[in-house]
Each structure stands twice: as C-alpha cells, then as structure tokens.
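Keep the picture open as you read.

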Amino acid sequence: MPAAAQDKTTPENAPYPSFKIAEGLYYVGAADYAAYLLTTRAGLIVIDGGDGPTGRQVVANIRTLGFDPKTVKVLVNTHQHFDHAAGLAEVKRAAPGAKLYASAADAPIIEAGGKGDPYLKGPQWEYAPTKVDAIIKDGQKITLGGVTLTAHVTPGHTKGCTTWTFPVTVAGKVRQALVHCSSSVLPGYRLVAPETYPGMAADYERSHRFWLNAPCEVFLASHTRFFDLKAKHEALKGGKVDAFVDPAGCKAYYQASYKAFRTELEKQQKATTAK
Ligand SMILES: [Zn+2]
C-alpha cells in the first residue's frame with residue numbers, strides 16, 4: 001500500500017515535543033513536518049496533518065497538552081503534498097466532527113490521496129484520502145469561537161497552495177501570525193513551456209507579490225526548517241517569551257525565496273532560448 005510506504009520513520013517525521021508558541025497557539029507537529037493547534041472557546045482548530053506518522057503524533061500531542069482531539073472543529077491545510085496532507089486522515093479519524101477546508105485546486109487531490117498532482121506522480125507520493133468538507137477561496141475567513149483565520153491562496157508550489165494568517169497574542173501584544181504554505185521550486189519543476197502546470201511561473205510571481213508584503217510577525221510554515229523552529233523553541237525555553245516574533249526573519253525569507261525563484265526562472269528561460 002502506498003500509505004504504508006509513507007509510514008516509515010524519517011528525520012522529518014521524527015516526534016518533536018509539543019509546546020505553547022503564544023496565547024492559544026501550540027506546536028503539535030513533528031521535527032520538520034509542521035502542524036499547529038489553535039484553541040478557541042468553541043473548540044479546536046488544527047492547521048496541517050503532516051505525513052501519516054505525523055498525523056498520529058498530532059492527535060497524541062493534542063492529548064498530551066490536555067485537550068480532547070474530539071473537540072477539533074476546524075481542520076485546514078497548506079497544500080496537498082503527502083508531507084502535509086496524509087496526516088489529515090488521522091486527525092479526522094480522531095475528530096469525526098471536524099470540518100476540513102481546502103482550496104479548489106488542492107481539494108480534489110487530497111480527496112484522491114495525492115493522485116492528480118502534476119509532478120509527484122506514482123504510488124510513493126500517494127496517501128490515505130480525506131474528504132474535503134468545504135472549499136475556501138482566496139481572502140476567505142473562517143471563524144471559530146472568536147478566532148479568525150484568513151486563507152490566502154498562494155499557488156506555485158501546488159496549484160492551490162494556501163498561506164494562512166491570524167492574529168495571536170504574544171506577551172500581551174496582538175501580533176499577526178502567518179503559516180507559510182511553501183514557495184520552493186522543486187527540482188524538476190518546469191517554469192517555462194511546457195510548464196509543470198499551465199500558469200505555474202505567473203502563479204509563483206503573483207504569490208511572491210503577496211508574501212513580500214504579507215502581514216507576518218509570528219512567522220510559521222509547513223516545514224519547521226523554513227523558520228528555524230528549533231532555535232526559536234530553544235530561545236523560548238531560555239526565557240525569550242517573544243522568540244517566535246520575527247518580522248525581519250519573515251521578510252528576509254521571502255526576499256531570498258523570490259530571488260531563488262527568479263534565478264531558476266531565468267536559468268530555464270536561457271536554456272530554452274539557447275536551443
Ligand atoms: Zn510540498
């Protein structure tokens with residue numbers, strides 16, 4: 001089974017201790033495949049499921065923190081790749097009342113367990129499918145118990161890649177948190193005709209325009225290495241209560257990401273004209 005092939009332990013899905021990032025915001029993911037928990041007076045919100053093993057850790061971590069996974073009401077996803085979407089099935093199994101929201105382009109692929117991705121093709125990329133309960137549009141808000149998430153559809157890495165923002169209180173101050181989908185150009189992605197999917201390069205360009213000016217004070221992402229969770233967690237444990245407040249780090253990340261995208265695009269354009 002493809003899902004079983006994804007079940008092996010890797011450095012990315014190795015367990016990581018869950019902890020409180022800010023008021024009502026907790027880290028519940030694995031070492032690299034990230035997942036976040038938001039607590040509200042009307043139930044819980046989970047952002048991303050990681051891969052299969054991460055999904056089981058997310059459920060266990062919610063319990064360890066003293067919350068009941070059955071009270072998860074809202075489940076959202078950054079993108080349909082196995083390392084963020086396979087674990088959604090595990091979370092939904094523990095929280096049958098949770099409503100899964102996904103973008104129009106990524107939803108059918110989540111529902112097909114990874115089948116239909118224009119680039120990651122084959123059983124090694126497939127996973128347990130999860131039913132999507134509602135489609136979210138760019139700019140749409142989801143509110144639960146006084147907590148509001150805003151979806152920003154930022155395609156490129158996948159056609160429905162979604163970046164999430166929400167306000168959160170850190171050390172008594174309201175800050176804008178951002179969970180970055182992904183802006184990486186996978187090795188082998190074609191940004192020139194025939195593009196990996198039609199319009200991919202234009203999508204990356206447009207998404208970077210959003211990211212470069214996005215409200216981002218608490219910088220979080222689908223992979224912990226994108227924002228150096230470990231170093232920030234160490235600083236937090238050392239007493240730096242606002243260790244995760246990092247607007248400069250967020251800006252620098254997106255500037256470097258845009259540069260990397262442009263460099264790759266120009267490289268591919270040159271290779272095409274040279275022929
Ligand atoms: Zn991905």
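## Starting from Ile110

Leaving aside neighbours within four places in sequence, Ile110 is in contact with Asn77, Gln80, Ala85, Leu88, Leu100, Ala102, Tyr127, Pro129, Thr130 and Val132. Before we go on, keep in mind that this is a predicted model.

Where does Ile110 sit? You'll find Ile110 in helix H5. Is Ile110 buried or exposed? Its relative accessible area is 0%, so Ile110 is buried. Take one of its contacts, Ala85: Ile110 and Ala85 are 25 residues apart in sequence, yet their C-alpha atoms are 6.7 Å apart in space.

## Two nonpolar cores

Now look for the greasy parts. The largest nonpolar core has 44 residues, and the members that touch the most other members are Ile21, Leu25, Tyr36, Phe166, Leu220, Phe227 and Phe244. Pick out Phe227 from that list. Setting aside neighbours within four places in sequence, Phe227 is in contact with Tyr36, Phe219, Leu220, Ala221, Lys232 and Phe244.

There is also a second, separate core, made of 26 residues. Leu37, Leu44, Ile62 and Phe82 are included in this second core. Hold on to Phe82, as that name will come back.

## Rings that pair up

How many aromatic pairs does the structure hold? The count is 17. One of them joins Tyr26 and Phe67, an edge-to-face pair with 5.4 Å from centre to centre and 65° between the planes. The two partners come from distant parts of the chain, 41 residues apart: Tyr26 is in strand E2 (residues 25-27), while Phe67 is in the loop between helix H2 (52-64) and strand E5 (72-76). Tyr26 counts as buried because its relative accessibility is 13%, whereas Phe67, with a relative accessible area of 25%, is partly exposed.

Here's Phe82 again, in a pair with Trp125. This pair is tilted, with 5.9 Å between the centres and 45° between the planes. Phe82 lies in helix H3 (residues 82-85) and Trp125 in the loop between helix H5 (107-111) and strand E7 (134-136), so the pair ties together parts that are 43 residues apart in sequence. Phe82 counts as buried at 13% relative accessibility, and Trp125 counts as partly exposed at 29%. Rings can also gather in a group: Trp211, Phe219, Phe226, Phe227, Tyr253 and Tyr254 form one aromatic cluster.

A search of the whole structure finds 1 cavity of 30 Å³ or more. The largest cavity holds about 40 Å³ of space. Which residues line the largest cavity? They are Gln80, His81, Phe82, Gly114, Asp117, Leu120, Trp125 and Tyr127. By type, that lining divides into 4 nonpolar, 3 polar and 1 charged. Spot the tilted pair: Phe82 and Trp125 are both in the cavity lining.

The largest pocket has about 440 Å³ of space. Its lining has 23 residues, and those nearest the pocket's centre are Tyr33, Phe82, Asp83, Trp125 and His223. H3 gives the largest share of this lining, 3 residues. Sorted by type, the pocket lining has 7 nonpolar, 11 polar and 5 charged residues.

Last stop: the backbone. Which residues does a cis peptide bond join? The bond joins Ala193 and Pro194, with omega at about -10°. Pro194 lies in the loop between strand E11 (173-180) and helix H6 (200-212).

For Asp48, phi is about 75°, and for Ala171, phi is about 50°. You can find Asp48 in the loop between strand E4 (43-47) and H2, and Ala171 in the loop between strand E10 (162-170) and E11. Are they buried or exposed? Asp48 is buried because its relative accessible area is 1%, whereas Ala171 counts as exposed at 62% relative accessibility.

Definitions and conventions: Residues numbered from 1 in each chain as written. Predicted model: local features only at pLDDT ≥ 70, side-chain atom pairs only at ≥ 80, totals over all residues. Heavy atoms only, no water. 1 Å grid on protein atoms, 1.4 Å probe; cavity = no way out; pocket = protein on both sides within 12 Å on 5 of 7 lines; lining within 4 Å. Points joined across faces, edges and corners; volume = space filled by probe spheres on them. Nonpolar A, V, L, I, M, F, W, Y, C, P; charged D, E, K, R; others polar. Core = buried A, V, L, I, M, F, W, Y, C linked by side-chain atoms within 4.5 Å. Buried < 20%, exposed > 50% of the residue type's maximum accessible area, 1.4 Å probe, protein only. Contact = heavy atoms within 4.5 Å. Phe/Tyr/Trp six-rings, centres within 6.5 Å; stacked < 30°, edge-to-face > 60°. Helix = DSSP H or I, 4+ residues; strand = E, 2+ residues; numbered from the N terminus.
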